[in-house]
Amino acid sequence: MTMSRETDRTGAAPRTLAEELRARPDQALAALLRARPDLLSPVPGDLTQLATRAATRASVARALDRLDRFALQTAEALAVAPDPCPYDTLAALLTGDEPDDPRITDSLPRAVATLRQQALLWGPEDRLRLVRTVRDLLAPTPARPSPTGLGPTVAEATAGMSPGRLQQLLAAAGLPATHDPVTAVTALTELFEDRARLAALLRTAPAEARQVLDRLLWGPPYGTVTADPAPHLRWLLDRGLLLPTAPGAVVLPREVAMHLRAGRAHRHPEPVPPVLAPVTERSPATVDATAAGEALTALSTVEELLSDWETTGPLVLRAGGLSVRDLKRTATVLDCAEQTAAFWAELAHAAGLLASDGEVDERYAPTPAYDDWLQLPPERRWAHLATAWLATTRTPGLAGGKDAKGRTLAALGPGLDRTAAPEVRRRVLGLLASLAPGAAVPAEAVLARLAWEHPAGQESRARLARQALAEAELLGVTGRGALASPGRALLAGDDPAPALAPLLPEPLDHVLLQADLTAVAPGPLHRPLAQTLGVLADIESKGGATVYRFSPDSVRRALDAGRTAAELLAFLTEHSRTPVPQPLSYLIEDVARRHGTLRVGAAASYLRCDDEALLNELLADRRSAPLRLRRLAPTVLAAQAGPEELLTGLRAMGYAPAAESAEGNVLITRPDAHRTPPRSAPVPVQEGPPAPDATLLDAAVRAIRAGDRAATAERKPASTATTGGLPRTGSAETLATMQAAVLTGTTLWIGYVNADGAASQRVIAPVKVEGGFVTAYDHTADEVRTYPLHRITGVAELADETAS
Amino acid sequence: MNGSLIVQSDKTLLLEVDHEQADACRRAIAPFAELERAPEHIHTYRITPLGLWNARAAGHDAEQVVDALVTHSRYPVPHALLVDIAETMDRYGRLRLLKHPTHGLVLESSDRPVLEEVLRSKRIQPLVGARIDDDTVAVHPSERGQIKQMLLKLGWPAEDLAGYVDGEAHPIELREDGWALRPYQRQAVDGFWHGGSGVVVLPCGAGKTLVGAGAMAEAKATTLILVTNTVSARQWKHELIKRTSLTESEIGEYSGARKEIRPVTIATYQVLTTKRKGIYPHLELFDSRDWGLVVYDEVHLLPAPVFKFTADLQARRRLGLTATLVREDGRESDVFSLIGPKRFDAPWKEIEAQGYIAPADCVEVRVSLTDGERLAYATAEAEEKYRYCATTDSKRKVTEALVRRHRGQQTLVIGQYIDQLDELGEHLGAPVIKGETTNAQREKLFDAFRAGEISVLVVSKVANFSIDLPEATVAIQVSGTFGSRQEEAQRLGRVLRPKADGHEARFYSVVARDTIDQDFAAHRQRFLAEQGYAYRIVDAHELLAADEDV
């Protein structure tokens with residue numbers, strides 16, 4: 001079996017792609033399947049099938065899309081080269097007549113190997129063949145020039161031209177007349193391919209004619225002429241240097257263009273990827289610290305977003321997603337751009353912290369997983385977000401744009417999934433990871449490299465890459481443009497939390513209180529402290545530190561939440577590193593003194609107050625009219641307005657009323673946090689088949705090989721006459737051969753009839769024979785199977801088995 | 001991770017005052033960040049485009065700014081902020097106003113696209129003349145100020161390097177006999193002189209007049225001084241005669257009462273902005289002499305017409321003096337483009353710490369209104385509410401009690417409403433100075449107050465600005481121009497002059513509890529609280545009870 005392959009490789013050149021594939025080692029097949037996973041579904045039956053499938057238009061187009069720029073340029077050059085094409089001719093196409101760039105010569109073998117590995121190219125070095133579909137896709141047609149900007153050949157362009165006209169061309173070009181069109185075309189082609197003769201011809205061209213040629217030189221090679229062309233155009237047309245393609249349209253034949261290009265297929269061959277430069281070296285510590293700062297900001301922003309949405313989350317649009325107004329509002333709350341707000345919402349959604357609640361009035365709300373997430377230490381919370389980000393196919397950067405049908409793309413809505421996003425994201429980070437720690441390059445350098453690696457669809461990939469870079473910075477995966485160590489761990493598939501933990505500042509348990517009624521937390525606070533302060537004061541400025549401002553409203557909010565003045569003061573004293581300033585304690589006491597002076601009942605919507613004068617004042621105040629207050633007793637007023645309206649109205653008038661329960665207790669108002677039912681995080685959307693893993697590849701290669709062997713194995717003529725292709729042997733001989741095969745471990749070819757009566761041929765390696773059954777590894781099915789002996793029509797040894 | 005500075009993403013900088021490196025950090029960030037609040041522990045600075053351009057004008061570059069932030073920051077500085085700073089600073093000086101040897105005033109650019117961009121603006125087109133070459137365009141000399149204003153609005157502030165005319169020379173010397181410019185005053189003068197034109201920010205009572213005198217002594221040229229009112233004009237004159245070689249005959253007063261034009265002329269904003277038949281007849285004062293220096297006192301009060309005329313004065317050196325760059329009308333950018341960038345700044349507390357202004361104890365006295373007053377307040381028309389609660393009898397009684405409490409100390413009672421002041425004057429037996437009081441009468445009363453012949457003076461808002469009452473140790477504010485922060489600063493300034501015996505000044509604000517008066521007071525005080533003048537709040541009845549005990 002090994003020998004037969006040896007023979008193939010050293011013997012006659014393969015005649016088809018399938019033959020060449022058959023000769024390739026298993027690793028090469030595995031590499032092909034890894035590079036073009038679409039060939040794997042379903043697993044092809046044998047190598048002929050694989051080769052056919054690899055040459056289908058859809059599969060080839062997909063493969064071409066994934067080529068790097070130089071491999072693609074090589075394929076493009078091959079598409080305009082003769083078929084088959086010797087390696088040296090190909091090299092000359094890329095380097096031109098006078099090779100001046102050693103990098104091309106150095107890189108070409110790699111590019112050829114890539115094409116060959118992807119089964120886009122086959123044949124020995126002296127007869128390189130591009131798979132026909134590839135040539136079709138890349139070669140110029142009258143309607144579409146090749147990516148090289150070269151037009152059709154003389155032969156292609158003159159097809160259909162009258163023989164008389166051809167002879168005229170020959171005459172004008174100074175060639176002797178020939179007796180048929182075929183030789184005429186050959187003569188013309190030979191003239192155009194001969195550098196010296198063509199140069200001599202062109203020297204006689206008028207200057208304007210040269211300019212016309214120069215204009216068409218690098219493509220597109222098409223031009224238009226009027227019915228009565230100018231003399232210089234006439235000169236070119238007469239000599240076939242421009243050939244008509246349609247009335248009024250002309251093309252520059254490929255051979256002429258190649259001459260003018262000095263034999264180069266590409267104007268700018270790009271043999272090596274652009275280097276990532278200029279590199280800015282920063283100290284890794286600075287980068288890590290910056291990234292950690294951003295990471296911390298990211299955590300607080302996500303928390304801020306979700307805590308904002310937990311009371312009344314935004315409605316889900318009928319078409320899905322977040323309305324523009326809600327996004328704007330959220331952006332205001334988070335104090336960031338709308339695009340950034342969309343990013344945070346999408347991030348929370350991708351991480352499974354946010355979902356729609358699935359109720360009639362569908363709203364977004366945090367999921368129960370959010371509560372669990374909140375309990376985690378910060379580095380774990382970040383790891384959760386970052387992992388979700390790395391894998392998500394969502395592209396919030398597109399939110400606010402329009403889709404193909406002109407509909408606005410809503411954040412969290414449909415149409416924002418881009419399957420290439422995770423791959424691009426990984427690649428961008430991978431490029432950053434290839435630099436030294438702390439090193440950063442401009443986004444343009446990264447984009448240029450990506451465009452080289454993936455010329456196909458580079459605009460959309462560049463957009464994804466820009467977004468990935470911006471998001472990485474926001475999330476703290478990178479810091480000042482360089483990959484930080486937690487980001488590096490994340491990319492490597494390790495847990496980033498241990499790398500992040502030492503970079504985060506220790507949470508503080510104190511704030512600094514100041515007489516201007518502010519409190520400054522000079523760093524992140526312990527969670528309970530931050531929560532209480534968040535109720536007691538308004539946040540004025542965020543960042544590394546937090547500035548809180550106390551106001552009567554904020555203090556009232558804390559009192560409304562059930563705190564007493566004494567508790568609040570004790571809390572502040574405990575957590576302040578400095579004495580509580582007099583104006584602050586006065587503020588709290590003053591608000592507390594007034595807090596609850598007015599009590600509002602829900603049952604009858606009443607207003608009672610021990611201070612008669614205040615009620616007088618209230619009744620006298622014209623602003624209270626909409627509340628329709630009526631005095632019930634010296635200290636009690638009734639209102640026609642509902643308690644809520646009454647509360648708001650009174651507060652608007654500058655009072656601090658407290659709501660009261662039926663028992664006369666002060667109601668504690670704290671909005672209930674809203675949660676969705678349990679939700680799992682969305683799974684990233686995948687396009688095409690998933691990347692195969694090693695086990696799958698291995699199995700696939702073996703299956704193809706086996707199927708191939710079954711299909712192509714040369715059979716030893718059976719000892720008894722075979723009919724209908726199935727081996728036929730007597731049952732005794734079958735049993736004996738089977739038993740022998742178990743001992744020697746040989747592979748057999750059997751004829752088999754299944755329960756439905758369908759006959760098939762299989763290649764099996766018997767493992768044991770007992771109880772009328774043979775257990776064998778079936779190469780055709782690529783698994784161990786058991787066959788009843790009575791169903792086996794006959795056995796034969798494989799030809800090569802005997803040979804060895 | 002132990003710097004003294006925290007850089008917030010909203011471009012505020014928090015400086016921990018008690019940190020050992022706080023002083024170094026303050027010096028590093030002062031050139032480009034505006035001190036916004038200076039309470040006791042954490043000072044807040046803000047980075048604004050104007051601040052960054054001020055720094056550029058003073059010769060700092062983005063590298064220094066970024067370095068200062070990165071060096072002193074406790075936490076990593078957000079990258080976006082650094083990028084933004086670099087970009088903003090980079091905008092200053094792309095365009096320069098120069099004096100061209102043949103074409104006169106020109107606008108030159110080192111960045112052609114920027115020049116193209118601004119020249120396409122409709123508002124710039126009428127201000128420029130012929131294109132001289134790709135990078136240069138002529139500017140009408142009369143539009144030097146206009147174009148600077150416009151370019152700033154477009155976000156491309158121009159650097160004015162076109163220089164100044166020397167003006168008519170006039171000998172002026174400082175007479176430093178028995179006194180000398182304080183170190184910060186000297187720094188302010190130098191900062192201004194090297195910068196050419198610009199604004200010096202010093203707290204009330206820190207001797208801004210002397211900075212003006214110092215600048216005049218540097219210029220040695222005829223000088224036009226613009227001040228807020230006549231009293232202030234007289235004080236400038238008095239001070240200049242005392243501190244410099246100038247004599248009475250060299251200094252003219254150009255006010256409602258007198259129209260003298262002399263080598264040094266002191267004019268009031270009021271007379272300049274008097275409009276007759278649709279024109280400002282007195283604005284020609286600016287052209288009446290070849291001034292070498294124009295001094296603007298209290299720049300934050302500079303009226304709009306003066307801005308307009310200042311735009312035409314760009315070839316003359318301009319010095320702005322003020323206690324705060326905060327303008328209630330938000331025209332800070334006009335001050336920047338027309339007078340010039342900030343050249344010197346010193347926070348109040350720093351100068352107080354050096355002993356040049358007196359420490360002050362600020363107290364807000366909360367007065368509970370009587371039931372009758374509360375009812376009346378609730379029924380008052382919205383526009384009458386403040387007036388009513390600010391002038392209640394309860395407040396008057398408390399004010400009287402406060403005056404009694406500080407009997408024997410020089411006390412000022414300051415208010416907004418004339419009725420209230422008259423009533424207070426009557427009850428306290430003290431003279432009242434208000435708008436209708438003649439200047440002669442005012443001077444007489446001020447002199448008597450200075451001499452200690454009278455110890456209580458009731459003044460209206462006419463005394464808000466620039467009057468010098470050295471021995472006032474107690475000020476009681478009963479009402480004000482609603483929530484004006486700058487008025488509060490001015491009034492506090494009345495008691496901040498250093499006292500002969502060095503004892504602490506008192507500043508009382510009497511406020512009616514649970515009314516709009518209280519809200520306005522909170523707004524007014526915010527500025528001072530942010531400057532580190534912490535208010536104590538006391539209840540009036542506690543204060544009165546304490547008095548009765550004594």
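I began with burial in chain B, where buried residues make up 50% of the 550 residues; a residue is buried if 20 or more other C-beta atoms, placed from the backbone, lie within 10 Å of its own. I noted that this is a predicted model, in which local features need pLDDT of at least 70 and side-chain atom pairs count only at pLDDT 80 or more, while totals for chains, interfaces and linings use all residues. Residues are numbered from 1 along each chain as its sequence is written, and chains are lettered from A and ligands numbered from 1 in the order in which they are written.

I next looked up the elements of chain B and found 22 helices and 23 strands, which are DSSP runs numbered from the N terminus (helices H or I, at least four residues; strands E, at least two).

Then I turned to helix α6 of chain A, residues 69-79, which is largely enclosed by the rest of the structure because 11 of its 11 residues are buried. Among the elements that cover the buried residues of α6(A) I listed α5 (57-65), α8 (102-117) and α23 (443-453) of chain A, where a contact means C-beta atoms, placed from the backbone, within 7 Å.

Note on methods. A residue is buried if 20 or more other C-beta atoms lie within 10 Å of its own, exposed if 12 or fewer, and partly exposed in between; C-beta atoms are placed from the backbone. Two residues are in contact if their C-beta atoms, placed from the backbone, lie within 7 Å.
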